[in-house]
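Welcome, and thanks for taking a look with me. Here are a few notes to read beside the picture.

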Amino acid sequence: MTYTTPVPITDGHFYAGSSLELRDLTMAYGEIEVLREVSLEVEPGTTTCIIGPSGSGKSTLLRGVNRLHEPKSGDVLLAGESVLTQKPDAVRKRIGLVFQHFNLFPDHTALENVALAVRHVKGLSKAESRRIAEARLEEVGLAERADHRPRDLSGGQQQRVAIARALAMEPEVMLFDEATSALDPELVKGVLNLMAQLAQRGMTMLVVTHEMGFARKVADQVVFMDEGRVVEAGAPADLFEHPKSPRLQRFLSEVL
Ligand SMILES: Nc1ncnc2c1ncn2[C@@H]1O[C@H](COP(=O)(O)OP(=O)(O)OP(=O)(O)O)[C@@H](O)[C@H]1O
Ligand SMILES: [Mg+2]
């Protein structure tokens with residue numbers, strides 16, 4: 001699979017991705033620690049893919065980064081500033097999150113879904129919110145489908161609306177949690193292509209994925225997690241061609 005077939009994109013829009021750093025991030029549910037002293041540096045405008053077995057703490061890590069779940073200890077720095085000292089709402093404006101399930105309003109069109117979010121979060125006028133929504137939908141290749149409701153869009157198109165909605169907030173970092181795993185196989189590629197395009201255009205991205213082809217081709221850095229820890233991290237070619245730890249070797253032999 002290649003990730004170069006772009007969906008139609010307007011002008012030369014570039015994103016102003018910020019750096020992201022995790023310092024000894026430890027997270028727990030009650031007494032049970034599920035993330036242990038995870039440290040990670042993501043340079044501005046680069047893509048880091050997180051891979052690892054089920055239950056290894058990948059989603060929990062993302063939830064810590066945008067404060068959907070409060071870390072137990074450690075820190076998360078966005079553009080060098082701790083997100084823990086900022087209001088969670090303020091952090092979520094700066095760090096977009098795209099999940100497996102898109103959570104669009106079923107009774108609103110694609111355009112309205114994006115515009116309503118812009119209006120709600122940014123407090124802009126109706127007209128200005130619509131203008132931004134139109135531009136973002138065009139960016140994800142959905143200008144023609146803007147007036148359709150979610151049920152009249154494919155799963156892949158719905159996910160692209162969700163990505164447009166996240167982009168409309170002008171985030172400095174985008175987090176993706178298995179954004180393609182609920183999609184029919186033939187729809188996966190369109191969404192991965194879009195994600196690859198955001199990467200090329202300077203967004204800082206932290207991507208939890210089972211798509212090893214995507215990680216190999218698009219990531220600047222791949223992080224392999226197991227049991228709440230980073231086991232191995234590095235350039236995709238190193239990790240995929242020369243895994244050092246037996247745990248990663250076994251994981252790759254199971255998924256590739
Ligand atoms: N809300 C919660 N309450 C208690 N434990 C949880 C909660 N969410 C996750 N866990 C546990 O935390 C650990 C890490 O879960 P997490 O969802 O981060 O894993 P994951 O790597 O994203 O897995 P998957 O690939 O299946 O999505 C698991 O043992 C899980 O059972
Ligand atoms: Mg998960």
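1. A word on the basis. This is a predicted model, in which local features need pLDDT of at least 70 and side-chain atom pairs count only at pLDDT 80 or more, while totals for chains, interfaces and linings use all residues. Residues are numbered from 1 along each chain as its sequence is written, chains are lettered from A and ligands numbered from 1 in the order in which they are written, and side-chain values use heavy atoms, leaving out hydrogens and water.

2. Who surrounds ligand 1? The shell consists of Y29, V34, P53, S54, G55, S56, G57, K58, S59, T60 and E178, each with a heavy atom within 4 Å of the ligand. It divides into 3 nonpolar, 6 polar and 2 charged residues (Ala, Val, Leu, Ile, Met, Phe, Trp, Tyr, Cys and Pro count as nonpolar; Asp, Glu, Lys and Arg as charged; the others, Gly among them, as polar). Helix α1 (residues 58-65) gives the largest share, 3 residues; helices are DSSP runs of H or I, at least four residues, numbered from the N terminus.

3. Now the polar contacts, pairs of N or O atoms within 3.5 Å. A polar side-chain atom of S54 sits 2.5 Å from a ligand 1 oxygen, and a polar backbone atom of G55 is 2.8 Å from an oxygen of ligand 1.

4. Finally, helices α3 (residues 110-122) and α4 (residues 126-139) pack with axes 8 Å apart, at an angle of about 125° (axes are lines fitted to C-alpha atoms over the stretch in contact; angles run from 0 to 180 degrees between N-to-C directions).

Note on methods:
Polar contact = N/O pair within 3.5 Å; in protein donor to acceptor, adjacent residues only side chain to side chain. Helix = DSSP H or I, 4+ residues; strand = E, 2+ residues; numbered from the N terminus.
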